[in-house]
Amino acid sequence: MIAFLGQGRMGAPMARRLVDAGHKVTTWRRGTGVSAAEAVDGADLVITMLSDPAAVREVLAAALPGLRPGATVVEMSTIGPEAVRELRALLPPSVGLVDAPVLGSVGPATDGTLTVLAGGDLAGCREVLPVFGSVRELGPLGAGAAMKIAVMSALVPAQVLLAETFAYGEAHGVDRGALIDVLSGTPLGALAERLRVPAAQTRYSLAHAAKDLELGAWEGASLATAARARLREAREAGLGEQDLTAIVDHAGGRPGSRAVPVNVPAIPATNGMYSHAVRVGDMLYVSGQAAFDEHGNIVGEGSMAAQAEHVFQVIGHILADQGATFDDIAFIRTYVTDMEARAEYGAVRRKYITGTPPASTTVEVSKLFMPGLLLEVDLIVALRPGSR
C-alpha cells in the first residue's frame, strides 16, 4: 500500500497516476479529519508532496506513530538538502528515506512526464517512481534535493532576467514581440517564448518560485539573490498565486524603489486599514504589534510578560519573512499602559534582542486601541542588502 501525503496543484494528479497504475493508494491532505498517522498506517511506501520544508517536517512528525518499520518515505517536495538531512534525523532508523523532487508542472504531473531527481537508496521505491516520469538516480541521500535547487537557481533567475529585459526594451521603444522574436534565435529562446504571454493558469506559482530561491540563494549567489528580491516584491504585491510568468508585468522599475506592503501569513491578518510592515529599499517599517490572536482576542490578558512574549514572537515572524533577525533592528518604540511594569517587559525584550541595543523609546500611554492591551511595539529595521 502507498500513502500519498500531498496538497496543492501537483498532489492530486500525482496520486491519480499511482491509482491508474494499479496501486492501492491512501491519500491525505489537510482539513479532511484524517490524521497523517492514520493515513500512513500499514503503508510500505509513503510519498510526501507538500509546500515547503516546515510543512514536510510537521506532517512527517505527525505521521511518525503510524510509520511501520521497513517502510520507505519518498520526499518529492522542493525542500533542499539541509531539510532532507533533518528528516533523516527525524525518522526512525528502520524507516528508509529517499529525496525525489521533480522537474515539471501540472501538465507533466498529469501525463506522467515529470523528471524525478532521486537521491538515496531507491530499493524500496524504484519500481514505483517511473509512474511519474523519467527517473534520474543522482547518488546519496540529499543529491536529488540539491540538484533541484541547483536547477531552479538557474531557471528562475533567467526568467526574472528576461522580464527585466522586456521592461528595459519597452522603456526604450522596443516592441516586446519583436524582442522575443530576436531572442528566439538565441539560447534563451525557449524561455523568452514562455514569457511572451503570461500563463492564464498557474503551472508554477510565483510564490513557490520565491520559496525555491529562498532555499537556493546562498551568501554570494548574487544573481539568485537579486531575483529572489524581485520575486518577493511581486509576491507581496499580490502576485504570489499567479504563474511565475506574471513577473513580466511587475518588472518595470528598480526593485525596492517604492514602498512595498508586507503582510505575513504566519501571523494574524490586519483589518485591512494597515499592513504588518512596509519595506522601502533596504529599510523595513513595522507597524505597532500588540498581543492579540487571529480572532481578535487578547493573548495574556493582565500579564505584561505574556503579552510581551507574544509580541516578540510576532515580530520574529515578520523579520524572518524579510530575511532579517532581531540584530537588524535599528529603532524600537514601545508604548506601555503602566511604566511600573517595564521591568517585566524588559526581561522579555532581552531574551530576543541580545546583540548591540537598537535606538529605543519607551512611552507610557493612558490606553491602547483595544481594552486590556498592555503594550504595543513598532520598529524600524535595516535589512541586509539582498535579503529581500
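1. The buried residues of α9 pack against α6 (143–171) and α10 (222–239), where buried means under 20% relative accessible area, exposed over 50% and partly exposed in between (1.4 Å probe, protein chains only). Helices (H or I, at least four residues) and strands (E, at least two) are DSSP runs, numbered from the N terminus. This is a predicted model, in which local features need pLDDT of at least 70 and side-chain atom pairs count only at pLDDT 80 or more, while totals for chains, interfaces and linings use all residues. Residues are numbered from 1 along each chain as its sequence is written, and side-chain values use heavy atoms, with hydrogens and water left out.

2. Helix α9 (residues 206–216) has 8 of its 11 residues buried, so it is largely enclosed by the rest of the structure. The buried set consists of Leu 206, Ala 207, Ala 209, Ala 210, Lys 211, Asp 212, Leu 213 and Gly 216, and a charged pair, Lys 211 and Asp 212, is thus among the buried residues of this helix.

3. In α10, the buried residues include Ala 224, Ala 227, Leu 231 and Leu 239, but also Arg 228, Arg 230, Arg 232, Glu 233 and Glu 236. The cover over the buried residues of α10 includes α6, α9, β9 (259–262), β10 (277–280) and α11.

4. Leaving aside residues up to four places away in sequence, Phe 312 touches Phe 326, Ile 332, Tyr 345, Val 348, Arg 349, Tyr 352 and Ile 353, a contact being heavy atoms within 4.5 Å.

5. Ala 192, in helix α8 (residues 189–194), is buried, with a relative accessible area of 0%. Apart from residues up to four places away in sequence, Ala 192 touches Leu 162, Phe 166, Ile 180 and Leu 183. Ala 192 and Val 363 are 171 residues apart in sequence, and their C-alpha atoms are 55 Å apart in space.

6. Asp 338 lies in the loop between β12 and α12 and, at 36% relative accessibility, counts as partly exposed. The C-alpha atoms of Asp 338 and Gly 272 are separated by 29 Å, the two residues being 66 apart along the chain.

7. Taken as a whole, the chain has 12 helices and 14 strands. Its radius of gyration (taken over C-alpha atoms, with a globule rule of 2.2 Å times the number of residues to the power 0.38) is 24 Å, close to the 21 Å that the rule gives for 388 residues, so the chain is as compact as a globular protein of that length. The C-alpha atoms fill a box of roughly 70 × 60 × 35 Å along the principal axes, and 48% of the 388 residues count as buried. Among contacts with a separation of 6 or more, 67% are between residues 24 or more positions apart.
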